[in-house]
Amino acid sequence: MSETKFVHNTNPDVSFNGTLAQFQQLSPSAMIFLGPPGAGKGTQALRVANEYLLPHISTGEVFRAQIAERTLFGMQAAETMRRGMLVADDAVCGMLAEHIHGLDHPGCLVLDGFPRSLNQAKWLDQFLRMRAGQNHEFYTAPLAVQINVTRDQLFRRLSGRRCCPNCGQMYNLHFHPPVNSGICDNDGAALITRPDDREEVVLERLRVHDQNTLPVTEYYRRKGLLQEIDGDGTVDMVHAAIARLTRTLTF
Ligand code: AP5
């Protein structure tokens, strides 16, 4: 398949079984960060979004903002998240569509934590096609980046994570602690632990990931749209691996 055909591909049955070199000139409709809880999706997605001035959309962050604002949706999602379960597909997709429609950016989306089920992945396919015009004439396929991390490392990252409730800055007691223990470097606020980072909830999140989200990884693999990277290294090492992918893309 030629690059041109891929870039303007409107046929859902045509997939891209590409090497890195073949991704050249590719302008994806979305970069989808996949991986288990604690893999570094948020850390890396935000970095890519900042580098290329793309909108970073984390469904988890959107939910947490709704919970903080005590909206009806937030109140409904809070208990589900506290237990480490997935929020219902319809609710997530509806909220995401609304969020994206409100963006002043026509191009590539950086998606972090979405899709997490096969239903969401299929919904996203349709959504990206519609977003590319009535006849999908400007459609380009998304690129899914799977960050693979060993279980030991995941537990260290999640148990050590602390966040600033004011500015959202993330820390890690093991890898990136604040200068003063328990205090945000930016604004001096007391750091908090996410309620779903308790050990028993982490175990449930990992189980839910394996059951619901690993099939999403396979979905993109079968379509030839998946790139996997080793996420066990430092933030900079993982970023360098992602940069090798993005360098070949146009945004
Ligand atoms: P969400 O907020 O998306 O949580 P998650 O997917 O479980 O992912 P995390 O945020 O825990 O980890 P991450 O991979 O982003 O890693 P991070 O960069 O933060 O979702 C929360 C909940 O919302 C879900 O459980 C569900 O209930 C609901 N939800 C969300 N989306 C949904 C959807 N689509 N459908 C249904 N429900 C949905 O890093 C983790 C820690 O490690 C940090 O401390 C960081 O500093 C550190 N770190 C990162 N990279 C490195 C590195 N390379 N080396 C050392 N430390 C590192």
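The protein chain contains nine helices and seven strands, where helices (H or I, at least four residues) and strands (E, at least two) are DSSP runs numbered from the N terminus. The model is a predicted one, in which local features need pLDDT of at least 70 and side-chain atom pairs count only at pLDDT 80 or more, while totals for chains, interfaces and linings use all residues. Residues are numbered from 1 along each chain as its sequence is written, and side-chain values use heavy atoms, with hydrogens and water left out.

Of the 251 residues of the chain, 47% are buried, that is, under 20% relative accessible area with a 1.4 Å probe and protein chains only. The accessible surface of the chain amounts to about 12700 Å², and carbon and sulfur atoms hold 53% of it; such areas come from the Shrake-Rupley method with a 1.4 Å probe, and for residues only the protein chains shown count as cover. Among contacts (heavy atoms within 4.5 Å) with a separation of 6 or more, 70% join residues 24 or more positions apart.

The ligand is surrounded by 35 residues, and the closest are Thr43, Met85, Arg116, Arg161 and Arg205; a residue belongs to this shell if one of its heavy atoms lies within 4 Å of the ligand. By class, the shell comprises 16 nonpolar, eleven polar and eight charged residues. Here Ala, Val, Leu, Ile, Met, Phe, Trp, Tyr, Cys and Pro count as nonpolar, Asp, Glu, Lys and Arg as charged, and the others, Gly among them, as polar.

The distance is 2.8 Å for Arg64, 2.5 Å for Arg116 and 2.6 Å for Arg161. The ligand on its own has 1000 Å² of accessible area, of which the protein covers 96%. Two or more shell residues come from each of α2 (41–52), α3 (59–68), α7 (151–160), β6 (170–172) and α9 (235–246). The most are given by α3, with four residues.

The cysteines remain to be considered. A disulfide is a covalent bond between the sulfur atoms of two cysteines. With a cut-off of 2.5 Å between the sulfur atoms, the whole structure has zero disulfides. Cys164 is in no disulfide, its nearest cysteine sulfur being that of Cys184, 3.7 Å away.

Notes. Polar contact = N/O pair within 3.5 Å; in protein donor to acceptor, adjacent residues only side chain to side chain. Buried < 20%, exposed > 50% of the residue type's maximum accessible area, 1.4 Å probe, protein only.
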